Amino acid sequence: MDFFFSEEQLMIQQAARTFAINECLPAVIERDEKQAFPTAQIKKLAELGFMGMMVDPKYGGAGMDTISYMLAMEEISKVDASVSVIMSVNNSLVCYGLEEFGDEWQKENYLTQLAKGIKDDKLYIGAFLLSEPEAGSDASSQKTIAEDMGEYYLLNGVKNWITSGNSASVYILMAQTDPSQGSKGINAFIVERDWPGIDLGPKENKMGIRGSDTHSVHFSNVRVPKENRIGKDGFGFKFAMKVLTAGRIGIAAQALGIAGGAYELSLKYSMQRKTFGKEISRHQVIQFKLADMVTRIEYARLLCLKAAWEKDRNLEFSLSSSMAKVVASETAMWTTTEAVQIHGGYGFVKEYHVERLMRDAKVTQIYEGTSEVQRMVIARAILN
Ligand code: CAA
């Protein structure tokens, strides 16, 4: 075991940092205010190979490891968590799910383009449709029905809070095919966004990650070909759980980046701003806040790295991914709140970025499994 990154990992970290500063920073406040989708930024990410970072090059991916992905997510999230959530869903929910559990036809037909993030010069990304109006944390209470019609499934229902709901071309969707079987009657499907019978609800007006587009998606008699079911009959709930286990590393890295961004801004500000005749960084009360920030971030980073390291070695990583997510997201919320406090009145206005980071931090405690769900997973693992 060592604590050094490889040269390739460091190069990716640097490329992500450069991308975040050059491409995301200039208009991040405007995009947040207008809820503008970062099309140009996602296209650039696709050119960098960051939309299918961990996918095997034979399926159009960049063939990198999870640690590289984590480092890239962290750097981009320091500046723009709206860009990083779109990247995260495509990489660790959509591409990972298809590469790990899809068949050869599904990989050739969908994964190869999704991993590139571009098709015919247009964005080609995916979304993950599990949540419903009454199935958030209680994910197995699926009400969306996919009725087996012999040649195809007939899909009816509503999905909620879908990241990239409008901009995605491909949906990975969970639906109930046999309600009498509970979670064992759920299946996962690949659904194309432009199939007849699919309608979107209005764009959600969110507190944070406002650049990403979140919608409810309505399905009315949508025909899904049989070959678009992922895995064997009844595998859908396990598929969703396994994919989310991996996805949680990405969101943990996002939270880590949000915390890191707030810490870096606070450090810089505290060395410039003067009160009572000296820089505020020379007041012990500020020093202790900065010391706690950097310590908590390091603690969260070690958990994220452990989860990524285990995943890269095909070891069991569900416990460490839940630990990483709960610690990193709570660190992000705490650090960003303290960052606003350190900035005082300047922290409460948009130009200084920390208020946005604080708003963006909140969702990391909610999506891809709330902090409460992570604690359930951890408690079940230790009690078993
Ligand atoms: N890996 C493999 N299998 C798993 C698993 C895992 N991590 N977790 C559970 N399972 C299996 C169980 O072994 C069980 O299988 P058997 O019946 O064969 O034993 C089956 O799945 C059912 O498991 P549980 O009884 O534990 O299921 P549960 O109903 O009690 O729910 C839960 C468990 C952990 C709370 C789960 O519902 C959950 O994770 N909820 C949160 C959902 C979530 O994260 N949603 C995020 C939406 S996507 C998103 O946010 C994307 C975005 O926009 C950014």
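Contact is taken here as heavy atoms within 4.5 Å. The structure is a predicted model, in which local features need pLDDT of at least 70 and side-chain atom pairs count only at pLDDT 80 or more, while totals for chains, interfaces and linings use all residues. Residues are numbered from 1 along each chain as its sequence is written, and side-chain values use heavy atoms, with hydrogens and water left out.

Ala 146 lies in strand E4 (residues 145-148); helices (H or I, at least four residues) and strands (E, at least two) are DSSP runs, numbered from the N terminus. With a relative accessible area of 0%, Ala 146 is buried. Buried denotes under 20% relative accessible area, exposed over 50%, and partly exposed the range in between (1.4 Å probe, protein chains only). Leaving aside residues up to four places away in sequence, Ala 146 touches Tyr 153, Leu 154, Leu 155, Ala 175, Gln 176, Thr 177 and Phe 189. Ala 62, 84 residues from Ala 146 along the chain, has its C-alpha atom 34 Å from that of Ala 146.

Asn 187 is placed in strand E7 (residues 186-192). Its relative accessibility is 0%, and Asn 187 therefore counts as buried. Apart from residues up to four places away in sequence, Asn 187 is in contact with Leu 173, Met 174, Ala 175, Thr 177, Arg 229, Lys 232, Asp 233, Gly 234, Phe 235 and Gly 236. Between Asn 187 and Lys 238, the C-alpha to C-alpha separation is 9.1 Å, at 51 residues apart in sequence.

Lys 238 also belongs to a surface patch of positive charge, in which it gathers with Lys 184, Lys 232 and Lys 242. Patches are made of residues with over 30% relative accessible area and no salt bridge, like charges being joined within 9 Å and nonpolar side chains (Val, Leu, Ile, Met, Phe, Trp, Tyr) within 5 Å. Lys and Arg count as positive and Asp and Glu as negative, with His and the chain ends not counted; the place of a charge is taken as NZ of Lys, CZ of Arg, CG of Asp or CD of Glu.

A nonpolar surface patch of about 440 Å² is formed by Met 1, Phe 3 and Leu 302; accessible areas come from the Shrake-Rupley method with a 1.4 Å probe, and for residues only the protein chains shown count as cover. Met 1 sits in the segment before helix H1 (7-24) and is exposed, at 91% relative accessibility.

Side chains of opposite charge can pair when their charged atoms come close. A salt bridge is defined as a side-chain nitrogen of Lys or Arg within 4 Å of a carboxyl oxygen of Asp or Glu, and by this rule the count is 17. One of the salt bridges joins the side chains of Asp 80 and Arg 31 (2.7 Å, N to O). This pair links distant parts of the chain, 49 residues apart, with Asp 80 in the loop between helix H4 (66-79) and helix H5 (81-101) and Arg 31 in helix H2 (residues 28-34). Asp 80 is buried at a relative accessible area of 3%, and Arg 31 is buried at 11%.

A salt bridge is also made by the side chains of Arg 375 and Glu 330 (2.9 Å, N to O). Arg 375 lies in helix H11 (residues 371-383) and Glu 330 in helix H9 (residues 318-343), so the pair ties together parts that are 45 residues apart in sequence. Arg 375 is partly exposed, at a relative accessible area of 43%, as is Glu 330, at 28%. Asp 233 and Arg 229 pair at 4.0 Å, N to O, and Asp 233 is exposed at 55% relative accessibility. Arg 17, Glu 75, Lys 78 and Glu 264 are connected in a network of salt bridges.

Positive phi values occur at Asp 120, about 50°, and at Asn 314, near 55°. Asp 120 is found in the loop between strand E1 (118-119) and strand E2 (122-123) and is exposed, with a relative accessible area of 69%.
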